[in-house]
Amino acid sequence: KNIMPISAAMFRSERKNPVPQCPPRLDVQMLTPVVWSRMPNEFLQVEASRVSEQHGWMVECTQPLSMMALHIPEEKRCIDILELSEHQHMLSFHYHTLKLYCSVCALGNNRVAHALCSHVDESQLLYTIESCHLSGLLRCGYYDLLISIHLESAKRSRLTMNNEFIVPMTDETK
């Protein structure tokens with residue numbers, strides 16, 4: 001009610017004008033939001049060669065570039081797993097999902113661990129182990145999941161059999 005517009009503070013000629021306006025020679029620029037995507041750290045090695053005048057050019061990619069994407073069904077889109085460091089709520093959600101998977105596999109629940117192996121497969125685990133750009137929470141979550149699914153039950157069974165010995169039953173040992 002008793003507030004002047006911003007244009008009155010910026011331009012001396014507009015001090016007493018209650019309606020915000022800019023002089024005709026001034027253009028106001030606005031920032032518009034854009035959607036961007038993360039660029040890969042390494043680029044594809046592409047070889048291009050001309051086969052002949054009739055057949056044209058041949059473009060060949062000799063080594064594929066692997067990436068890991070996270071599917072967001074509510075928004076019907078996918079984002080690179082490395083972009084999660086910019087979205088803290090998604091990063092926290094994904095980390096807690098991995099911790100839930102670890103908890104479900106606890107105490108030698110091999111049936112669930114086997115079912116999770118089809119959900120979080122070997123290529124995902126290898127990608128996260130080899131990626132040097134993965135954020136700390138995700139790296140920790142994937143390492144814990146790897147231990148829970150594949151190594152924890154083997155360690156537990158070795159510890160339970162630590163004091164057991166196999167004695168062959170022959171006529172001499174009876």
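This is a predicted model: local features need pLDDT of at least 70, side-chain atom pairs count only at pLDDT 80 or more; totals for chains, interfaces and linings use all residues.
Residues are numbered from 1 along each chain as its sequence is written, and side-chain values use heavy atoms, with hydrogens and water left out.

Let me begin with the overall layout. The protein chain holds five helices and four strands. Here helices (H or I, at least four residues) and strands (E, at least two) are DSSP runs, numbered from the N terminus. Read from the N terminus on, the order of elements is α-β-β-β-β-α-α-α-α. The chain has 174 residues, and 23% of them count as buried. Buried means under 20% relative accessible area, exposed means over 50%, and partly exposed lies in between, with a 1.4 Å probe and protein chains only. The accessible surface of the protein chain comes to about 14500 Å², and 58% of it belongs to carbon and sulfur atoms. These areas come from the Shrake-Rupley method with a 1.4 Å probe; for residues, only the protein chains shown count as cover.

I return now to β3. β3 pairs with β4 in the antiparallel sense over four bridges; two strands pair if DSSP finds at least two bridges between them. Ile 72 has Arg 77 of β4 as its bridge partner, and His 71 stands opposite Cys 78 in β4.

What joins these two strands? They form a hairpin with four residues between them. Lys 76 lies in this loop, between β3 and β4 (77-80), and its phi is near 55°, a positive value in a residue other than glycine. Most residues other than glycine have a negative phi. Lys 76 is also exposed, with a relative accessible area of 76%.

Next, the interior. A nonpolar core is a set of buried Ala, Val, Leu, Ile, Met, Phe, Trp, Tyr and Cys residues joined through side-chain atoms within 4.5 Å. The largest such core has 23 residues, of which Ile 81, Leu 84, Leu 138, Tyr 142 and Leu 145 touch the most other members. Two or more residues are given to this core by each of β3 (69-72), α2 (88-104), α3 (110-119), α4 (122-130) and α5 (136-160). The largest share, five residues, comes from α2.

Two residues illustrate the packing, with contact meaning heavy atoms within 4.5 Å. Beyond its neighbours within four places in sequence, Leu 84 is in contact with Leu 70, Ile 79, Met 90, Leu 91, His 94 and Leu 138. His 94, found in helix α2, counts as buried at 13% relative accessibility. Not counting residues up to four places away in sequence, His 94 touches Leu 70, Ile 81, Leu 84, Leu 138 and Tyr 142.

In general, an α-helix has 3.6 residues a turn, so residues three or four places apart point the same way. There is also a kink of about 55° in α5, centred on Leu 151; the bend at a residue is the angle between axes fitted to the seven residues ending there and the seven starting there.

I turn to helix α4. Glu 122 is found there and is exposed, with a relative accessible area of 60%. Its C-alpha atom is separated by 9.4 Å from that of Leu 146, 24 residues apart along the chain. Gln 124 touches Met 68 and His 119, not counting residues up to four places away in sequence.

Finally, how many disulfides are there? Taking a disulfide as a pair of cysteine sulfur atoms within 2.5 Å, the count comes to zero. The sulfur of Cys 117 is 7.7 Å from the closest cysteine sulfur, in Cys 105, which is too far for a bond. Cys 117 itself counts as partly exposed, at 26% relative accessibility.
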